Amino acid sequence: MSVKLTNITKIFKDQDDSTKEFKVVDDVNIKIYDGEMVTFLGPSGCGKTTTLRMISGFETPTAGKIYIDGECVNDIPANKRNSSMVFQSYAIFPHLTVKENIGFGLTLKKYSKVKIAESVKEIMDIMGLANLGNRQPSQLSGGQQQRVALARAIVNNPKVLLFDEPLSNLDAKLREKMRIEIRRIQKKFGITSIYVTHDQVEAMTVSDRIMIMDKGVIMQIGTPFEVYSNPDNYFVASFIGRANFIPSKIISKTDSTVELNVQGTKQIYNSFVENLNENDDVLIVVRPEGLELSSSKKMLFEGIIKSAVYLGATMEYEIQVDELEDVIIAVSYNPKKEGFFEEGDKINLGFDSKSTHVIKTN
Amino acid sequence: MPLFNGVTMNVRELKNNFKSTLLLRKDPVLFGTIILIIISLFLFILFPLAKVCIIAFQKDGKFSFLNFQEAFGFWYYRQAFVNSIVVGLLTAFIGTFIGFLFAYSIIRAKIPGKKFFNIIATIPIVSPPFIGALAIIMLFGRNGFVSSFLLKMSNANIYGFKGLLLAQVITFFPVSYITLRGVLESISPTLEDAAMDLGGNRFTIFMRVTLPLAIPGIASSILVLFVESLADFGNPMILAGSEFPILSVQAFLEITGMYNLGKGSALAFVLLIPSVSAYFIQKYWVSKKQYITITGKPTASSNKIVSNRARNILFAICILIAALVLLIYGSIIYGAFAMSWGNDATLTLKHFKYVFEVGFDSLIDTLIIAGISTPISGILGMLIAFLIVRKKFIGRKFIGVVSMLSFAVPGTVIGIGYILAFNNSPFYLTGTLLILLINFIFRYIPVGIQGGVAVLGQIDPSIEEAAEDLGADSNTTFRRITLPLMVPAFFSGLIYAFVRSMTAISAAIFLVSANWNLMTVQIMSQVESGRIGAASAFSVILVIIILISMLIINTILKLKYHTKSSLLSN
């Protein structure tokens with residue numbers, strides 16, 4: 001079942017002063033395909049949760065239309081929409097047992113008791129809740145509550161499953177385990193899913209595609225590979241992972257290459273964003289692992305190691321380059337082979353075309 | 001004026017709310033409920049009050065100040081106004097002082113016998129408000145146990161200022177105690193420990209840390225007690241006497257004795273103004289200034305904040321106050337069994353026999369009225385709490401403010417309003433069971449609302465959203481999710497409303513009839529005709545019924561929901 005948002009906009013008014021308006025979601029357009037898992041990612045206040053709540057029906061869009069399975073659902077209240085939500089706080093009914101919680105939606109649909117018991121048992125087995133049916137929610141661990149919330153959502157066989165930062169209340173270990181589990185269940189049932197989070201690692205691991213938002217506006221929609229390797233803009237490049245930005249200018253451009261002036265030399269790169277023109281100021285995005293360091297080989301830049309931190313598997317460096325304003329971050333993934341540098345060492349650094357991506361200067 | 005908050009919203013907000021209100025059409029049950037509630041609030045709270053104001057400012061069908069000129073041209077009523085305010089202020093300050101002393105001794109000084117003092121403070125709350133007055137006559141009056149028997153005074157006169165003040169302080173200090181107990185509990189003792197650590201001595205710490213932090217709570221308590229004292233009818237009716245006129249009593253006499261509705265309404269209106277002002281100052285200003293110190297860490301105190309000597313002094317004072325309370329309520333019990341109070345101390349059951357012969361009907365009536373009105377007002381309170389906390393619609397603020405108004409308006413004014421409003425068509429209700437029920441329901445919904453609002457604040461809204469998400473409409477969500485979660489608060493509200501309905505007099509005295517009478521009114525008339533024993537027996541039975549009901553509700557709560565109602569807990 002697909003979900004489509006066209007020109008979705010949400011304006012909130014200040015509670016005390018209704019002349020003040022906040023555009024929390026600004027003209028969002030996205031189509032989520034059948035069986036796909038899409039993550040809305042962004043810093044807090046970027047409008048991702050509001051967008052999710054508009055899909056679930058808890059908020060009404062100020063403008064735009066929401067389609068679920070081809071049908072416009074703008075006028076359908078939350079309780080009549082065939083979507084199920086997994087809440088950040090789990091929202092387990094504290095006065096009902098695990099079984100009653102999971103069967104709540106089915107009871108409302110007036111299914112027979114036998115049918116409800118069957119469905120509930122089936123989902124509890126899949127979710128690893130087999131013997132917990134008669135427990136009170138207060139007797140469950142955080143991870144178990146999370147499973148109950150997921151089971152309660154899935155058992156209704158929704159057209160779309162919505163996750164509102166479902167793992168933010170779990171500790172780090174459990175979070176890793178649960179996000180794999182959520183992905184497994186989602187694939188098993190093939191449910192179209194939308195997942196809201198501010199944790200980029202979580203987004204990278206669970207999603208088919210990621211929609212990155214900032215201040216209510218879509219910054220980029222793409223696969224985890226696309227948003228990391230080919231970010232559309234400065235925000236995405238700096239929000240996903242760590243990046244070095246090297247300012248430059250376009251000398252010339254063809255369909256598949258751009259020629260840039262770097263340190264007075266001409267360099268050709270073939271990964272770049274659309275709409276670039278000659279003479280544009282641009283930034284070359286180089287991930288820390290894409291930098292090459294050498295004490296002897298002459299490369300694009302020369303710098304001095306300001307800090308060197310040994311993390312066991314990797315070596316992390318901060319390098320001061322005279323021509324660049326920002327400190328360059330570099331990671332060596334095999335320091336034993338690549339050699340250790342120390343604070344104060346003079347060093348040459350560079351990058352090849354494959355490790356770069358060119359974006360517009362903000 | 002905050003009263004009209006709901007009406008003076010600006011246009012944008014109105015449009016916004018209007019949109020949300022339109023959405024409610026899709027939920028006809030909810031929409032209907034809201035409309036019904038707004039209509040009933042208009043009819044049963046605002047309309048009677050408006051009626052009092054209209055009649056007060058009207059003479060021969062025209063707008064006029066004549067009623068006020070007539071009433072306050074008379075020195076006696078000017079005196080009544082001054083007396084009411086003076087007694088109100090003194091009760092407020094002395095009552096709050098004692099309440100604070102109690103709360104500080106128990107919460108901070110940790111004197112022994114916390115449970116005992118809690119019970120002592122609960123007794124006046126669950127008793128009819130004029131029992132204090134009755135007992136004071138029995139102890140300090142002409143034939144009083146203390147005045148006549150112990151001190152051998154031949155002509156003691158407790159009527160008037162002294163007696164009334166004593167009665168009101170005893171009756172209302174527990175209200176202050178409960179408020180300030182909450183305030184002191186919410187002030188983290190680590191703050192005092194920190195002050196001590198910084199080198200403050202105990203007195204400085206109390207003056208510079210504890211007291212300033214408690215000031216908003218104290219101010220709030222003073223205002224609440226002022227409102228309670230002004231609204232009090234039972235104590236002044238019994239104790240004020242004719243030489244010390246009190247506004248609420250004079251308004252009552254003007255209406256029921258002189259049948260002068262205009263003058264009575266004018267007095268009621270004058271009573272209304274300070275009460276409502278004090279209430280709104282408390283609710284919308286002082287209560288917002290409360291300091292709450294939340295650290296999330298356990299707040300164990302070093303417990304050295306009160307010196308041993310100070311603790312002993314506080315303990316002694318608390319014991320004295322407790323003794324006075326016990327003396328007062330004990331004398332009621334003794335009076336119920338004594339052949340003739342002050343003359344013949346032989347024990348007898350004749351007063352109880354008399355009560356069951358004469359007053360059995362009123363006992364049944366009281367139970368019927370409280371039994372029907374309490375659950376309705378409890379459910380309505382929860383419903384209104386739910387609507388104002390969780391839903392958006394035009395009139396949300398209106399519902400909130402108006403339904404809390406009954407807290408502010410003295411019972412006497414409400415009573416006068418009801419007889420003015422419902423004495424002719426289309427709402428001819430005088431003398432019926434219905435008028436008593438409606439009055440009780442709408443007078444005690446604020447309790448339910450407050451409890452409900454507090455509980456809803458603790459229920460994560462996403463729990464209700466989850467139910468909605470799973471296909472429940474708002475009706476089902478309220479019934480299956482919210483209401484069950486509100487049950488403990490509901491029962492607490494229920495107990496309070498029940499106690500208040502059983503002990504109410506100020507508004508009810510206008511509304512009772514030959515067919516439907518209340519025990520409190522009966523007790524009052526026994527006191528007036530000098531049958532102290534019968535009045536005591538009546539009171540004892542009333543308090544026993546209340547205690548049994550509280551016990552039943554608390555047992556249900558304990559067995560089914562593993563919680564206790566808040567009135568008796570701690």
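Author: One definition before we start: two residues are in contact if their C-beta atoms, placed from the backbone, lie within 7 Å. With that in hand, of the contacts in chain B with a separation of 6 or more, 80% are between residues 24 or more positions apart. Keep in mind that this is a predicted model.

Some background on the chain. Chain B has 24 helices and four strands, and 49% of its 570 residues count as buried. It is divided into domain 1, made of 2-64 + 356-561, and domain 2, which covers 66-338.

Now to the part you asked about. The C-alpha centres of domain 1 and domain 2 of chain B lie 25 Å apart. Where they touch, 37 residues of domain 1 of chain B are in contact with 40 residues of domain 2 of chain B. On the domain 1 side, the elements that each supply at least two residues include helix H2 (28-56), strand S1 (58-59), helix H17 (396-408) and helix H23 (519-528) of chain B. H24(B) gives the largest share of that side, 11 residues. Sorted by class, the domain 1 side comes out as 26 nonpolar, 10 polar and one charged.

The largest nonpolar core has 176 residues, and B:Leu134 and B:Ile136 touch the most other members. Both domain 1 and domain 2 of chain B give residues to this core, so it lies between them.

After H4(B) comes B:Lys110, with a positive phi near 50°.

How far to trust all this? The mean pLDDT of chain B is 82, with 89% of its residues at 70 or more. Among the elements of chain B, H4(B) has the highest mean pLDDT (91) and H1(B) the lowest (58). Two stretches of chain B call for care. Over residues 1-9 pLDDT stays under 50, and the model has 11 contacts beyond four places in sequence for them. Residues 294-299 also stay under 50, with five such contacts.

H1(B) matters for one more view, the contact with chain A. There, 21 residues come from chain B and 21 residues from chain A. On the chain B side, helix H1 (11-23), helix H20 (461-469) and helix H21 (474-503) are the elements that give two or more residues. H20(B) supplies the largest share, seven residues. By class, this side has eight nonpolar, five polar and eight charged residues. For the complex, the predictor gives an ipTM of 0.78 and a pTM of 0.70.

Notes. Residues numbered from 1 in each chain as written. Chains lettered and ligands numbered in written order. Predicted model: local features only at pLDDT ≥ 70, side-chain atom pairs only at ≥ 80, totals over all residues. Core = buried A, V, L, I, M, F, W, Y, C linked by C-beta atoms within 7 Å. Buried ≥ 20, exposed ≤ 12 C-beta atoms within 10 Å, placed from the backbone. Domains from an automatic or database assignment. Nonpolar A, V, L, I, M, F, W, Y, C, P; charged D, E, K, R; others polar. pLDDT = per-residue confidence, 0-100.
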